[in-house]
Amino acid sequence: MIAMTTDNIVLNAEPSGKLQAIEQVGELLVRNGFIEPEYIDSMKRREEVANTYLGNGISIPHGLPENRNHILKTGVAILQVPGGVTWNPGEIVNLVVGIAAKSDEHIEILTNLTHVLDDPATVERLAATGDPSDIVRALSGEAGTSRRPGPELDVADFDHSVDVTVMNPHGLHARPATFFLDIAKLFDSTIVVEFDGRSGNGKSLASLLKLGVGSGRIIRIHAKGDDAMQALNALKDAVDAGLGEIEEEKAVARTAHGWVPSEVKRTIPGCTASPGLACGPIRQFTHRRIVVEAMAKDPEHELTELGHAVAAAKSNLRMLYNEVRSRSGEPQAAIFRAHEAFLEDPELLAETKSRIRGGNSAGYAWRQVIDDRVRAMEQHDDEVLAARAMDLRDVGRRVLRHLAGVLQDEPFTSSEPVILVAEDLTPSDTALLDPALILGFCTAGGGPTSHSAIIARSLDIPAIVAAGPTVLEIEDGTMAILDGDGGNLYLEPSPADVETAAETRKRIEAERDAEYRTRYEPALTLDGERVEVAANIGKASEAEKAVEGGGEGVGLLRTEFLFLGRETPPDEDEQYQSYKAMIEALNGLPLIIRTLDIGGDKAVPYLDLPAEDNPFLGERGIRLCLNRPELFLTQLRAIYRASMHGPLRIMFPMIATLDELAVGKRLAEKARIEVGAEPVDIGIMVEVPSVAVMAREFAKEVAFFSVGTNDLTQYVMAMDRVHPTLAAQADSLHPAVLRMIDQVVRAADEAGIWTGVCGGLAGEPLGAVILAGLGVKELSMVIPSIAPVKARLRSITMKQAREIAQQALACVDNNQVRALKLP
């Protein structure tokens, strides 16, 4: 236990309010060498998202977990306020106990402190004592209060209970206890937590802290009520998951290459997107300038549009709140409640509506009002209020996106190599970036199958995604190490860490060089079975690069590059010339051309597509092409003309029904006859669960399947792959996705056709081995992944691949699959 001395205590303090009380107790922690001065601000900011009032005149202010790097050592300081200070309305505090928790040594003091709450006479005496030793004795357990057992709550009539181990490194201290009671309060049942012969109310922070549960100790949770079992299951899951602290532990533990930092100022965990290490300065990328018309002719229509936009933004914020709260607790989620409150501000809405009635468009009026408010808040003397300006700006942009007529990209420029930080990256963003200057990506949103992840792998640079909005607050120029294997961004690393990271990077590069030298060798397993490895490309110029990179053809040509970033669609001859050039560059290697896949997250202004609440479930892929047959026929004619110059196959995207396939094939035959070409193989992308479920029927109608794991994953898991909080969980290695693929392969084998995979999973070494073991004949991936995937397949037997594939199918979640060890 930490030593309590009178130096830790200030008597007869008279703070003017809560914030000054926190400043005074924080300064005492600084003077005693427990914290750096910066931690005081963190203590204040915690009050914005959580109430640290325990009850009976005692509060325990402490900082946010992300600022723990400002704690020098574990310690406690006490500010005695005999006259009392208002903490929150109706809450008067006489003892302000400031906590700096670097380890679990403070747990016993908290336990003693919560026992004091049961003794009003002791609290009154400590609040008025002129001898600091009285407080030392009470909190050190020498005054008798801490040795009394906690109040025994009768659990005899509780029907349900569960035992669970608290694995948090510092036990059940304030933050995880707060997370626990947030979950408990979601249920009507009575919750009691029992530990070491004592019990406490599971919906009371003081009661939970009073138990003094350390790391690795077992607690028994009791519940009584109609939803008792649901409550126990939720609480057990929450404790098993780390009570909101699991990500902090993962942040320093997850690495695949063995490198870990020894000393960094801050770690931001994200989701692995592209392997490798990068070290350099941070550079923020703000993109997608939202353009709106200033004036509008129909005020009533604009008012309706405003209402729809605000409602859509509210819905998104509620979803974010619920997701973050269930994953990380109320303090981390509370910001989204505050954002929603901005949208309900009657003055803000009234002023916007007034401008609309005066002739402005809804988007212009909204932006003007938001900008005015933001400027006023930024100039406020109150630092807390000034900081809220960023929140209001974020809320404003969230609504404005629903009102925007045009999104204009602003080119990213840099004079030095940087680690790029962005909210997310779209396909059009890629064309604006210079890969020579991008050491690595880190995005706030996205997921393993998001565009930012695909872009990172295609450029062969390290990247992490889904790192959360805090990355957008990092100042330009901040030195960082980005670990694409471990999924972490390390800020302000020590010189030693920079040096060891550089050494690891050189080792990784040497391994890749060795793989690259053998890139032209076929992917023959040790027992002689071959898997074809091809390239995914999205530009005409990449066809030659695919061959140079070791590709045995092109398994996916995304034709959208011809349609994006222009004001009119390409004509037949322009498309024909592009496809012909690719065939010639491949020099006899096969080319699979996917027909236009526009919609979802890829918008083309000149097609005048209507706004959709859920574009991924709307008019996209083959649906759009069938609804616009002239657009489709033009492309098909160009493809068939190009087929006269070399081997070529056609692939339809986003097929969901046999009728769609039949109509698509009829239009293809019409185009073929019109240009006088010979028939070519026609296959389909397997991206929609309906196709996987009916694979036997589809296999009779096509020449091949190509599984698009990115979209298949989001539809199987019902998780938008660009969702700000869910995307990281949309993992193609989930057994549900793998079992779908297994079903497709079996149906293809029965029909005598082959199955390929052209999604991101094919480019992962573990994914490639599992897919080969399932019987996938062709793997198509971004060019930089070809050499390492080939090398991995050459290092195993197909028997081993089949064994690990069966193990993966038997797993219960993606984490179990990713824990499988390759031979």
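1. The largest nonpolar core contains 94 residues, and Phe652, Phe705, Ile741, Ile770 and Leu779 have the most contacts inside it. A nonpolar core is here a set of buried Ala, Val, Leu, Ile, Met, Phe, Trp, Tyr and Cys residues joined through side-chain atoms within 4.5 Å; buried means under 20% relative accessible area, exposed over 50%, and partly exposed in between (1.4 Å probe, protein chains only). Ile770 touches Leu733, Leu738, Ile804, Ala805, Ala808 and Val817, residues up to four places away in sequence not being counted; contact means heavy atoms within 4.5 Å. A second, separate core has 27 residues, including Val162, Phe187, Leu235 and Leu243.

2. The model is predicted: local features need pLDDT of at least 70 and side-chain atom pairs count only at pLDDT 80 or more, while totals for chains, interfaces and linings use all residues. Residues are numbered from 1 along each chain as its sequence is written, and side-chain values use heavy atoms, with hydrogens and water left out.

3. Helix α25 (residues 709-717) is largely enclosed by the rest of the structure, because eight of its nine residues are buried. The buried residues are Thr709, Asn710, Asp711, Leu712, Thr713, Gln714, Tyr715 and Met717. Helices (H or I, at least four residues) and strands (E, at least two) are DSSP runs, numbered from the N terminus.

4. Which residue lies in the loop between β23 (591-594) and α20 (622-627)? That residue is Thr595, and it counts as buried at 0% relative accessibility. Leaving aside neighbours within four places in sequence, Thr595 is in contact with residues including Thr559, Glu560, Phe632, Leu636 and Phe652.

5. The count of aromatic pairs comes to three. Trp259 and Tyr490 form an edge-to-face pair, 5.7 Å centre to centre with 75° between the planes. Rings of Phe, Tyr and Trp (its six-membered ring) pair if their centres lie within 6.5 Å; planes under 30 degrees apart count as stacked, over 60 as edge-to-face and the rest as tilted. This pair links distant parts of the chain, 231 residues apart: Trp259 is in the loop between α9 (246-250) and β10 (264-269), and Tyr490 is in strand β19 (residues 488-493). Trp259 is buried, with a relative accessible area of 4%, and Tyr490 is buried at 0% relative accessibility.
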